[in-house]
Amino acid sequence: MSGGANKPVLIVDGKRLDGRAFGQLREIKIEAEPLKNAAGSAYIEWGNNKILAAVYGPKEALPKHVSDPEKAIIKCRYQMAPFSGLEDHGRTGPNRRSTEISKVIKEAFENVIMLDRFPGSEIDIFIEVLQSDGGTRAAGLTVAAVALATSGIPMIDLPYAVSAGKIGDQIVLDLNKIEDNYSDSDVPISISPRQDKVLLLQMDGTMTQAEINQAIDMARKAGEIISKKQRDALKVPYERIMERYNDVMPTRAPQAQQPPRPPQQTPQQ
Ligand code: CDP
C-alpha cells in the first residue's frame, strides 16, 4: 500500500484493471501432494501467484528446549524465492516481512491443528513463493492447509485466507500486486469455516469498523469457493489411494451358486 503522485487509477468504469468485479476472486488452482518426500504437500496457482507448501512431522522437537511436553509446536517458514517478484532479485534468506508472515501463519494454524495429540513434537510448515503477485500470505496459508491435510495431521478445520482492501471508498476482494501497492488499505483475513472464526486479520492502511465488517463478509463469501477448491484438491490423492487399495485387496470370493429355491407352498388349511 502506498500513495504518491504517480498513483495509478485502479478502477475504470466500475471494473478493476484486470477486469474483475469488486467481489471477484482471481482464478485458483490447487494440486495436492506434488512432492513425494514430504509428509504432506500442496501447490497453488492463485492468479499469478505460484506457491508450494510442504509439511514434515510430527517429529521430535529440536532443540530440546523449544519442545513442549504438553503439545506439539509448529515451526513455519514462509519464504519468497529470489526470482519470485519483480523487485529484489537475488536477495534471499529471512527478512522482517518473511518473519512476520511466518509468525502470523503459524499462529493461525495453532488454532486448528490438534497439537495436544503430539506432545514433545514439532510440525514443520514450509511455504515457498515461486512467483508473487499480491496476496501471497493468504494463498500461502490456504495451500499450507491443504498440505497439512494431506500429511494426515489431525485438524479440527481446514482454514483458508484471502485479502480484501479499500480502493477509494470501494471495498474489493483479493488484491493483486498493483492493487495491493496502491490501495488505501489491505486486509488479509483467514477464516476457519466450520468454527466460523477469524484466525488472522492484519491491516495495512485504515478502515472504519463498518468497512472491516464488509471486508470480512466478502472474505467469508469467497471462502465458499476457496474451501471447495481445497476439498476438491484433497479428493484426488484419496481417490488414488482407493484405486491402489482396490488393486491390492483380494476381491471377495463370489458366493457359491445356490440352486433355485422351489416356490414356497402356502400351507393348506
Ligand atoms: O503477498 P502479500 O500481499 O501477502 O504481502 P505484501 O507484503 O503486501 O506484498 C504484496 C506483494 O508485493 C507481494 O505479493 C509481491 O508480489 C510483492 N513483493 C515483492 O515482490 N517483493 C517483496 N520483497 C515484497 C513484496
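Trainee: Happy to start with the contacts: among those in the protein chain between residues at least 6 apart in sequence, what percentage join residues at least 24 apart?

Mentor: Two residues are in contact if their C-beta atoms, placed from the backbone, lie within 7 Å. This is a predicted model, where local features need pLDDT of at least 70, side-chain atom pairs count only at pLDDT 80 or more, and totals for chains, interfaces and linings use all residues. Residues are numbered from 1 along each chain as its sequence is written. Among contacts between residues at least 6 apart, the share joining residues at least 24 apart is 70%.

Trainee: Thanks! In which order do the five strands of the open sheet stand?

Mentor: Strands are DSSP runs of E with at least two residues, and helices are runs of H or I with at least four, both numbered from the N terminus. Two strands pair if DSSP finds at least two bridges between them. The pairing in this open sheet is mixed, and the order is β3-β4-β5-β7-β6.

Trainee: Which strands stand at the edges of that sheet?

Mentor: Look for strands with a single partner, because one side of each is then left without a neighbour in the sheet.

Trainee: Why is β5 largely enclosed by the rest of the structure?

Mentor: A residue is buried if 20 or more other C-beta atoms lie within 10 Å of its own, exposed if 12 or fewer, and partly exposed in between, with C-beta atoms placed from the backbone. In the protein chain, buried residues make up 37% of the 269 residues. β5 is largely enclosed because its buried residues number nine of the 12.

Trainee: Which residue in the hairpin of β4 and β5 takes a positive phi near 60 degrees?

Mentor: β4 and β5 run antiparallel and are joined by seven bridges. The hairpin has two residues between the strands, and the residue with that phi is Gly47.

Trainee: Lastly, how many charged residues are in the shell around the ligand?

Mentor: Asp, Glu, Lys and Arg count as charged, Ala, Val, Leu, Ile, Met, Phe, Trp, Tyr, Cys and Pro as nonpolar, and the others, Gly among them, as polar. The shell has two nonpolar and five polar residues, and the number of charged ones is eight.
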